Amino acid sequence: MIIGSGPAGWTAAIYAARANLSPLCVVGIPKSDPSPVLPGGQLMLTTEVENFPGFPKGVTGPELMEHLQAQAERFGTRVMQDDVSECDFESRPFRLKTADGASLQAHSVIIATGAVANWIGLADEMRLARSGGGVSACAVCDGALPVFRGAQLGVVGGGDTAMEEATYLTKFAGTVHVIHRRGEFRASKTMQDRLLALPNVKVHWHQVVVGVHGVDRIEAVELEDVRTKARTRLALGGLFVAIGHAPATGFLRGSGVELDSKGYVNLRSRSSSTNIEGVFAAGDVCDSVYRQAVTAAGMGCQAALDSERWLAACGVH
Ligand code: NAP
């Protein structure tokens with residue numbers, strides 16, 4: 001069984017189905033704000049994907065997910081639109097329950113439920129993120145799009161991700177405006193120094209974004225000084241929200257699967273195995289560092305191969 005339907009889940013499904021493992025992919029149920037979780041994962045919130053190999057002219061996130069699903073189904077992957085809500089990894093085969101009340105069994109499970117970007121939580125932020133209106137939670141995914149070239153771009157956050165994304169955006173932007181709620185960054189000194197040495201960076205300290213303006217595309221944000229409550233308007237052609245991610249591992253609570261302090265699945269080194277034999281993980285649910293569609297897909301492949309070998313060693317397949 002594969003839980004999750006982003007690039008990691010579908011790639012695991014393609015490999016598992018081609019190995020005649022008869023996979024069932026439990027793809028999730030759409031949920032809405034503040035952090036949308038969608039079948040297909042975070043790419044369903046992206047417009048143009050230009051860095052997934054094999055698409056020289058780019059592909060939209062939803063189209064890419066359709067292709068991956070079709071490829072997985074072509075080899076016999078069964079698809080179930082539901083959420084896994086409980087896992088019993090002590091019984092063999094494993095027993096899982098879904099939000100809609102189904103009871104399922106599996107000899108091996110691949111967890112590929114991904115992570116969701118944290119958003120500020122403003123209605124216009126989400127609307128423009130969904131419609132490709134210049135609000136994004138991934139500069140590496142979207143920053144190189146022509147529409148951002150030479151533009152005034154905002155980055156919200158003060159951690160390593162914000163530093164990395166802002167540094168990346170300086171290659172394309174007119175000016176990168178880093179908007180942070182405190183007077184110092186949380187990020188490592190090296191990454192701060194690298195960013196602050198660049199000529200086209202301006203930091204807006206002690207500021208939070210309280211409004212996003214624009215009809216089809218973002219035009220400006222409303223900033224509020226947390227100390228004085230004074231509001232100012234900052235004209236922007238793009239806004240990148242980099243305030244952390246949350247892995248979708250709530251359903252694993254009590255299952256015995258080992259998570260790290262931030263809730264990501266812990267893997268045994270150099271493999272996709274979790275601490276429970278027969279349970280594997282792939283993609284953003286166990287990766288807070290790379291978080292790319294192509295790295296998630298690669299991890300999905302690894303998990304399917306590890307699962308296949310484990311099942312063969314157990315004599316199940
Ligand atoms: P993070 O370290 O949790 O930082 C999140 C940042 O967003 C913080 O500065 C926080 O402000 C701010 N923030 C949180 N909620 C906010 C809100 N509602 N409104 C405004 N600001 C908000 O997350 P991250 O930067 O994504 O990093 C996650 C992990 O990955 C870290 O361990 C990091 O070191 C690692 N990472 C490493 C690299 C690298 O080494 N190349 C690159 C990226 C990430 P406060 O500071 O005030 O709390």
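Is C25 buried or exposed? C25 is buried, with a relative accessible area of 0%. The close-ups below come from a predicted model.

**View 1. Five strands line up in an open sheet.** The strand order is β5-β2-β1-β9-β20, and the pairing is parallel. β5 (78-80) and β20 (279-281) stand at the edges. Each of these two has a single partner strand, so one side of each is left without a neighbour in the sheet. Strands of a sheet pair through backbone hydrogen bonds, either parallel or antiparallel.

**View 2. Strands β1 and β9 run parallel.** β1 covers residues 2-3 and β9 covers residues 109-111. Two bridges join them. Look for I2: its bridge partner in β9 is I110.

**View 3. A disulfide joins C138 to C141.** The count for the model comes to one disulfide. A disulfide is a covalent bond between the sulfur atoms of two cysteines. Here the S to S distance is 2.0 Å. The link of C138 and C141 is right-handed, with 75° about the S-S bond. C138 is buried, at a relative accessible area of 16%. C141 counts as partly exposed, because its relative accessibility is 22% and buried means under 20%.

**View 4. C25 is in no disulfide.** The nearest cysteine sulfur to that of C25 belongs to C87 and is 14 Å away. C25 has a relative accessible area of 0% and is buried.

**View 5. The sulfur of C286 is too far from another cysteine sulfur for a bond.** Its closest cysteine sulfur is in C301, at 14 Å. C286 counts as buried, at 14% relative accessibility.

**View 6. The ligand sits among 16 residues.** The closest are D160, T161, R181, R182 and R186. By type, the shell around the ligand divides into three nonpolar, seven polar and six charged residues. Helix α5 (residues 160-169) gives the most to this shell, with three residues.

View 7. Taken alone, the ligand exposes 920 Å², and the protein buries 72% of that.

Note on methods:
Residues numbered from 1 in each chain as written. Predicted model: local features only at pLDDT ≥ 70, side-chain atom pairs only at ≥ 80, totals over all residues. Heavy atoms only, no water. Pairing = 2+ DSSP bridges. Helix = DSSP H or I, 4+ residues; strand = E, 2+ residues; numbered from the N terminus. Disulfide = S-S within 2.5 Å. Buried < 20%, exposed > 50% of the residue type's maximum accessible area, 1.4 Å probe, protein only. Near = heavy atom within 4 Å. Areas by Shrake-Rupley, 256 points an atom, 1.4 Å probe, with all protein chains shown as cover. Nonpolar A, V, L, I, M, F, W, Y, C, P; charged D, E, K, R; others polar.
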